[in-house]
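The dialogue begins once the sequence and structure are on view.

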Amino acid sequence: MSSLSSLYASDGDRPELKTNMDVDYVIHYKIPNDGAEAEAGFVQLVEALTRVGLASEVRSGDESSVLVFVKVASERYLSNQIYRERVQDWLYGVRITAPEKDLGKEFANQPTSEAERLRTVYLLITKPKNEGGAGITPNVGQWKYVTSIFPLHNHAFNRQWIKEWSSKYFLSEKDLDQIRDRFGESVAFYFAFVQAYFAFLLFPAAFGAGAWLMLGRYSWFYAFVNSLWSVVFFEWWKKREVDLAVQWGVRGVSRIQRPRSQFKWDHEAADPVTGEAVKVYPPTKRLQTQMLQIPFALGCLAILGALYVFCFSIEIFLGEIYNGPFKSYLTFTPTIILTGVLPTLSTILSDFAEKLTQWENYETSDAHHESLVRKIFIINFITSYTPLFLSAFVYMPFGNLLVPYLDIWRVTAEKFTSEKSIATQGFQINPDRLKKQMIYFTVTAQVVNFALEVIVPYVKRKAFKEVEKVQSKGKAVATNDVPEEHAFLKRVREEAKLDVYDVTGDYREMVVQFGYLSLFSAIWPLTPLSFLINNWIELRSDAMKIATNSQRPIPWRADSIGPWLNALGFLSWFGSLVSSAIVYLFSGDSEGPGGDPSNIVAWGLLLSILLSEHLYLAAQFTVRYVLDQIDSPGLQKERAERFSMRKQLLEESLGSEVTEKPLPPTPAAGEKITLESLEEEARKISTLGGGTPEQLFWLRQQGMDETIQIGRKLISQAKVAKH
């Protein structure tokens with residue numbers, strides 16, 4: 001079985017890559033050991049799909065699973081479902097204009113995209129039964145043997161996509177629109193963000209290279225410009241994502257939240273607006289659970305912090321105090337410990353964060369995801385930045401005071417060796433420690449991460465395939481595939497084994513990188529240049545990861561980058577404080593306090609931090625005000641749509657004659673209207689006799705000419721009386 005990447009490289013024109021057999025989704029059903037249970041679960045699955053208008057076909061998967069292929073039985077039924085979603089968008093204010101009442105005209109004006117079709121079908125499969133769906137949730141409850149539900153890749157598009165992007169420096173609006181039409185706005189927003197971040201890095205990369213050559217490390221001018229840049233980028237991106245949301249027709253779509261199947265309601269109550277019975281979970285109960293986020297954050301800090309302090313102390317002892325045998329090898333001990341323990345600890349804490357979020361019992365998937373991201377950000381913040389914080393604010397200022405406490409490692413080593421005493425050397429602060437750490441996190445770690453994302457999954461798949469070949473050697477592999485379907489089914493089985501793509505992981509990577517840039521780049525001004533190069537590769541490697549290393553993502557909609565926007569804002573603000581503290585401590589000839597805290601003027605440090613925060617807030621206010629004055633295509637489009645809608649409503653309500661712009665009045669036209677109306681009024685009064693005082697008041701002067709004549713006469717009389 002060849003890998004997808006090899007198919008792209010060599011024989012991407014094979015017939016099985018050109019068709020998906022009109023399949024919308026594939027459901028991977030794991031066969032349990034109990035035969036009766038397996039059949040009952042399968043029957044329930046097919047019946048649930050059929051009840052919501054989905055056709056199904058089943059084929060064999062691997063030795064212990066089957067593949068259920070799903071498509072909409074009626075295209076008209078699918079069109080009705082998509083139309084209902086568009087009406088819902090209009091009712092919730094996501095789209096300004098109502099869909100055309102004629103379905104044919106609506107879909108002619110706005111054809112259905114791949115993403116819209118796949119999202120609608122997925123909702124039919126997974127939505128609760130009371131909302132018109134089949135209620136199938138993989139790996140949960142009665143669907144515990146449904147391991148995954150995934151759409152098939154469009155390999156013709158993927159191949160062209162990778163080919164085009166590999167020869168481009170910048171992505172165009174058309175490229176982003178293509179991503180949106182195939183993979184949904186959630187993935188498109190990620191690529192739009194990385195593209196914008198990459199373009200914005202051009203300035204700090206060039207400026208940082210100049211600062212590295214002329215200003216050196218710990219430059220206050222570089223730190224100021226870098227903090228200002230982070231403000232401009234953050235505020236500009238907030239405006240940009242609104243612009244994209246309008247252009248893609250999803251602004252405000254976050255108000256339409258997907259119900260969460262695992263939500264456990266407490267009681268039912270009447271909705272105060274609609275009067276319908278709704279399931280309620282008391283906010284006070286959720287708040288009690290949410291308060292656990294505080295001890296969770298403190299627990300993460302204590303556990304991960306203890307690990308880092310432990311490894312940090314060993315590293316200082318072995319690297320700068322110990323002078324015995326095997327020193328060059330023993331210095332790798334902290335790295336080995338972190339490599340072995342940190343991923344395990346992070347996984348345990350992430351799993352606990354997921355359980356804690358489940359206990360919070362959110363009604364919608366969006367609220368659940370937002371809460372989970374906040375907890376993940378806390379874990380990532382501690383694991384990513386703690387080494388630099390320890391070096392900058394513990395090792396450099398307090399190193400000489402803490403070294404005597406490291407003697408515990410010498411005593412411990414003597415107990416486990418035959419040596420009566422361990423050879424040591426005098427301790428001296430290493431002024432290059434911070435720079436070396438920054439180079440590791442901004443260069444080496446980025447290369448390692450690329451290998452873990454792209455190369456390792458490929459190698460793992462190749463290794464597993466070789467193992468499968470060895471295990472199946474000499475065994476007859478039974479297959480019931482129809483010959484003309486065999487190549488296609490072979491590809492589908494391969495896609496079923498791929499990992500599920502989660503855009504959250506990619507967002508996490510970019511936000512952590514932004515944190516290094518905003519918090520610590522004053523240590524090494526070439527940081528933005530390193531990230532610029534990395535992100536050009538990252539855009540293409542992420543595209544390759546989606547196309548070859550992952551199942552096709554569910555095309556969810558989004559109107560922003562979600563909770564990661566708040567993380568960016570926090571890092572931008574916190575970066576101004578950390579940068580100012582680093583510059584204050586390490587700028588100058590001495591490059592730091594040299595391990596002696598008496599060299600630090602505490603009030604000066606606090607004053608620099610306070611001043612930088614006020615400058616940050618002033619810059620943020622100014623940048624936000626300036627950007628608010630700048631118009632954008634998306635907002636122009638929104639105003640044009642609102643104007644068109646108001647005009648249409650007025651025409652439908654009052655008629656086009658009323659809404660047309662009237663001609664400016666002229667004396668002749670006014671005279672004609674006045675004479676005609678007055679003469680008509682006079683005839684009515686003479687016919688009926690009498691007349692009210694109000695009617696007679698308006699009959700004293702017959703038309704414009706008589707009004708002017710009498711007015712002139714009154715003015716002349718007033719002049720004579722005055723003299």
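This is a predicted model: local features need pLDDT of at least 70, side-chain atom pairs count only at pLDDT 80 or more; totals for chains, interfaces and linings use all residues.

Q: How are two packed helices described?
A: The description rests on the angle between the two axes and on the distance between those axes. As a case, helix H14 (residues 365-402) and helix H20 (residues 564-586) pack at an angle of about 5°, and their axes are 13 Å apart. Because angles under 35 degrees count as roughly parallel, H14 is roughly parallel to H20.

Q: Which residues make the contact of H14 with H20, and how do they divide by class?
A: From H14 the contact includes Phe377, Phe381, Tyr385, Phe389 and Phe393, while from H20 it includes Trp564, Phe570, Phe574 and Phe586. By class, the residues of this contact divide into 18 nonpolar, no polar and no charged.

Q: At what angle do H11 and H14 cross, and what is the handedness of the crossing?
A: The axes of helix H11 (residues 293-321) and H14 come within 9 Å and cross at roughly 30°, so these two helices are roughly parallel to each other. The crossing of H11 and H14 is right-handed. Among the residues that meet, H11 contributes Gln293, Tyr308, Phe312 and Glu320, and H14 contributes Arg374, Lys375, Thr383 and Tyr395. The residues of this contact divide into 15 nonpolar, 5 polar and 3 charged.

Q: How do H9 and H22 pack, and which term describes their relative direction?
A: Helix H9 (residues 220-247) and helix H22 (residues 633-654) pack at an angle of about 45°, with their axes 7 Å apart, and that angle makes H9 oblique to H22. The crossing of H9 and H22 is left-handed. Lys239, Val242, Asp243, Val246 and Gln247 make the contact from H9, and Pro633, Gly634, Leu635, Lys637 and Glu638 make it from H22. By class, the contact of H9 with H22 has 4 nonpolar, 2 polar and 4 charged residues.

Q: Turning to the rings, how many aromatic pairs does the structure hold, and are the rings of Phe157 and Trp161 stacked or edge-to-face?
A: The structure holds 49 aromatic pairs. For Phe157 and Trp161 the ring centres are 5.8 Å apart and the planes are at 20°, so this pair is stacked. Phe157 and Trp161 are 4 residues apart in helix H6 (residues 155-165), which means that about one helical turn separates them. Phe157 is buried, at a relative accessible area of 10%, and Trp161 is buried as well, at 2%.

Q: Which parts of the chain does the pair of Tyr197 and Phe233 link?
A: Tyr197 and Phe233 form a tilted pair, with 5.6 Å from centre to centre and 40° between the planes. Tyr197 belongs to helix H7 (residues 173-200) and Phe233 to helix H9, so that the pair links distant parts of the chain, 36 residues apart. Both Tyr197 and Phe233 are buried.

Q: Which residues do ring pairs link into a cluster?
A: The cluster includes Phe377, Phe381, Tyr385, Phe389 and Phe393, together with Tyr440, Phe441, Tyr516, Phe520, Phe570, Trp573 and Phe574.

Q: Where do the residues Asp22 and Tyr218 lie, and is each of them buried or exposed?
A: Asp22, which is not a glycine, has a positive phi of about 60°. Asp22 lies in the loop between helix H1 (4-9) and strand S1 (25-30), and at 58% relative accessibility it counts as exposed. Tyr218, also a residue other than glycine, has a positive phi near 55°. Tyr218 lies in the loop between helix H8 (202-214) and H9, and is buried with a relative accessible area of 3%.

Q: With which residues is Ile256 in contact, leaving aside its neighbours within four places in sequence?
A: Ile256 is in contact with Gln88, Asp89, Tyr92, Val94 and Arg557. Ile256 and Gln88 are 168 residues apart in sequence, while their C-alpha atoms are 8.6 Å apart in space. Ile256 is found in the loop between H9 and strand S5 (267-270), and is buried with a relative accessible area of 17%.

Key:
Residues are numbered from 1 along each chain as its sequence is written. Side-chain values use heavy atoms; hydrogens and water are left out. Axes are lines fitted to C-alpha atoms, for helices over the stretch in contact, and angles run from 0 to 180 degrees between N-to-C directions. Angles under 35 degrees count as roughly parallel, over 145 as roughly antiparallel, 65 to 115 as roughly perpendicular and the rest as oblique. A crossing is left-handed if the near helix is turned anticlockwise from the far one by less than a right angle, and right-handed if clockwise. Contact means heavy atoms within 4.5 Å. Ala, Val, Leu, Ile, Met, Phe, Trp, Tyr, Cys and Pro count as nonpolar, Asp, Glu, Lys and Arg as charged, and the others, Gly among them, as polar. Rings of Phe, Tyr and Trp (its six-membered ring) pair if their centres lie within 6.5 Å; planes under 30 degrees apart count as stacked, over 60 as edge-to-face and the rest as tilted. Buried means under 20% relative accessible area, exposed over 50%, partly exposed in between (1.4 Å probe, protein chains only).
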